[in-house]
Amino acid sequence: MIFQDCWGLFGSAALVSAAVFSLPWLKRWNSRRYWPAGLLFVALLLPLIHGLSLAGFLRGVIGDLSITTLVLVLTSFFFPSEPLSEPVRRLLILVLAGGLVLYTFSLGPFQIDPYEWGYQPRVMLLVLAVAGFLSARRHPTLLYYLAVPLLAYFLRMSASVNLWDYLIDPLVFGYAFCVLLIVPALRLRKTS
Amino acid sequence: MPFFLFALALLLAAYSAYPTPPPLSSRLVLNPANDGNAPPANVNTRSFLPKTGLSSHAASITELAGGTIACAWFSGSREGAPDAAVYLSLYRSGQWSTPRQIATPRQTQNDTLRFVRIVGNPVLSADTKGSLRLWYVTSIGGWSASAINHMVSIDNGETWSKAGRLVTAPFFNMSTLVRMPPLLLAGGQFLLPTYHELATHHGEATRLASDGITVLGKNRLPSDRPLLQPSIVSLPEKGELLALLRKGGRAPGLIGADVFLDSESKWTARNPPPIPNPNSSIALLRLNDGRLLLACNPSAAGRYMLCLWMSVDGGSTWREALQVEKSENTGDEFSYPALLQDREGLIHLVYTWKREKIAHRIISPDILQPAG
């Protein structure tokens, strides 16, 4: 479990450092952000309170990040793009669709629990293959974003053996929900 | 290139996915029967485990390879206090040993490299190789934000491995709890009864690998009302598993019931036994002779009465067999029972006694006669 625990801490520290240095007034520093972001990353991993790092504190609250979240956080840090690139937007559509099914049924008063599907995920993989190939015909870069969590699942980089935990978490689902539904709705309201 | 990489990733992921498991009943490891001698008769004694704090709660009990009985519970200034810890005591030669802290919030935090505020609900089980397993819940806030942790001891509880965190839920891995011991499966796997109480209250049957941490699969136990803390036994003569569940929520109600039919490979709801439950934990045990024993608080008014109920027909009908505790004060609490039948055939019942300490009752099966 040592590798998975370190990986989990790495994810929490990477999330905070990349998020802080992706803020608009810090993003302007471009590649000059890398050193301070690296220092923040290391500082977040240092044991502070009763031997617990700030990354460990955050990890206690949000658990381990999905690989999709990590990939998006790191790519948005190293390759910032405004507005969202089309492959990322399509990835977020898949995340939104998957999250609506997963969270609605897993947390709701239903007899179906889609989270169970992630333990023997051959049907999920089939759905992912169809969705990936169909939506990536014009934007093949999307397939990189889908391939990385699948490879991480093969390598069991996270403590979970459930495919859902590599593909999606509440953070990336919340981000997709805001970007694809909330922001357009607010814009529509503003213009009308 | 991206198409090739994606196809390769899909193939590798499919290759590494765990296969669908074979039917459960073919993999159940039944508890060892007693040595064939009749258990001592007319035994019904009560004693108390050494006191460990102002408040003690949620005991769990198991028998180790040498016949020693192990009991774990959590204790501190109050339930949910950061000073509460999991304690272990061993019963040898009619005496409980001095309790030892085996899991605390600080130790779990250091082991799992993440923030932990409170610990609770320990579950003990001796596995097929003789190791002692401990699952317990930790949380960063209230119990509904809990996750399950696991430790193992190969020297009957003297020393323990580092704690590891189970990943059981999609929403920040929150709100999966444990209360009752697992069924043992072939290959050293476990079928651990768990439950969820964040947005809805429902039981689950979680299948674990032999390391006790890796979750290989889980099934939601069906219910049309809030139910918690499943207690599962196997009914080999019927090819079924039977789960009875604590009623959740504030409204008075009955214990819940689900069965797993191997022929259908799924859990289905069953008519609940007509036993009231005041939103309080229950314990279910299959005796060596096939009878089922249920420890519960059979009153909607509170936890002031603790009884044993018995079923001789695989859980279809139930009768009260023994009143263990009853107080005139309905505010008193005798709750959170845990049951075990040892290798001599004697039944051990441990439970919370007025939240002050853990009581231990030893009962011989002959005095359990279903009332008329």
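Figure 1. Glu86(A) pairs with Arg89(A) in a salt bridge, with 3.3 Å between the closest N and O atoms. A salt bridge here is a side-chain nitrogen of Lys or Arg within 4 Å of a carboxyl oxygen of Asp or Glu. The two residues are separated by about one helical turn because they sit three residues apart in helix α6 (residues 86-107) of chain A. Helices (H or I, at least four residues) and strands (E, at least two) are DSSP runs, numbered from the N terminus. Glu86(A) is partly exposed, at 26% relative accessibility. Arg89(A) is also partly exposed, at 35%. Buried means under 20% relative accessible area, exposed over 50%, and partly exposed in between (1.4 Å probe, protein chains only).

The model is predicted: local features need pLDDT of at least 70, side-chain atom pairs count only at pLDDT 80 or more, and totals for chains, interfaces and linings use all residues. Residues are numbered from 1 along each chain as its sequence is written, chains are lettered from A and ligands numbered from 1 in the order in which they are written, and side-chain values use heavy atoms, leaving out hydrogens and water.

**Figure 2. Confidence along chain A.** The mean pLDDT of chain A is 90, and 99% of its residues score at least 70. pLDDT is the predictor's confidence in each residue, from 0 to 100. Among the elements of chain A, helix α9 (residues 164-167) has the highest mean, 97. Helix α2 (residues 24-27) of chain A has the lowest, 77. Where pLDDT is low, the predicted coordinates should not be read in detail.

**Figure 3. A salt bridge between two loops of chain B.** Arg355(B) and Glu333(B) meet through their side chains, 3.1 Å from N to O. The pair links distant parts of the chain, 22 residues apart. Arg355(B) lies in the loop between β28 (347-353) and β29 (357-363) of chain B. Glu333(B) lies in the loop between β26 (319-326) and β27 (334-341) of chain B. Arg355(B) is partly exposed at 22% relative accessibility, whereas Glu333(B) is buried at 14%.

**Figure 4. The interface of chain B and chain A.** Chain B brings 50 residues to the contact and chain A brings 53 (heavy atoms within 4.5 Å). Together the chains bury about 4,500 Å², 67% of it on carbon and sulfur atoms. Buried area is the accessible area (1.4 Å probe) that two parts lose on being put together, summed over both. In chain B, Phe6(B), Pro170(B) and Arg220(B) lose the most area to chain A, together 17% of what that side buries.

**Figure 5. Salt bridges that cross between the chains.** The rule finds two salt bridges across the interface of chain B and chain A. One joins Asp113(A) to Arg220(B), with the closest N and O atoms 3.9 Å apart. Arg114(B) forms a salt bridge with Asp5(A) at 3.7 Å. This pair crosses from the loop between α2 and β8 (118-126) of chain B to helix α1 (residues 2-20) of chain A. Both Arg114(B) and Asp5(A) are buried. A network of salt bridges links Asp5(A), Arg59(A), Asp64(A) and Arg114(B). Over all chains, the count comes to 17 salt bridges.
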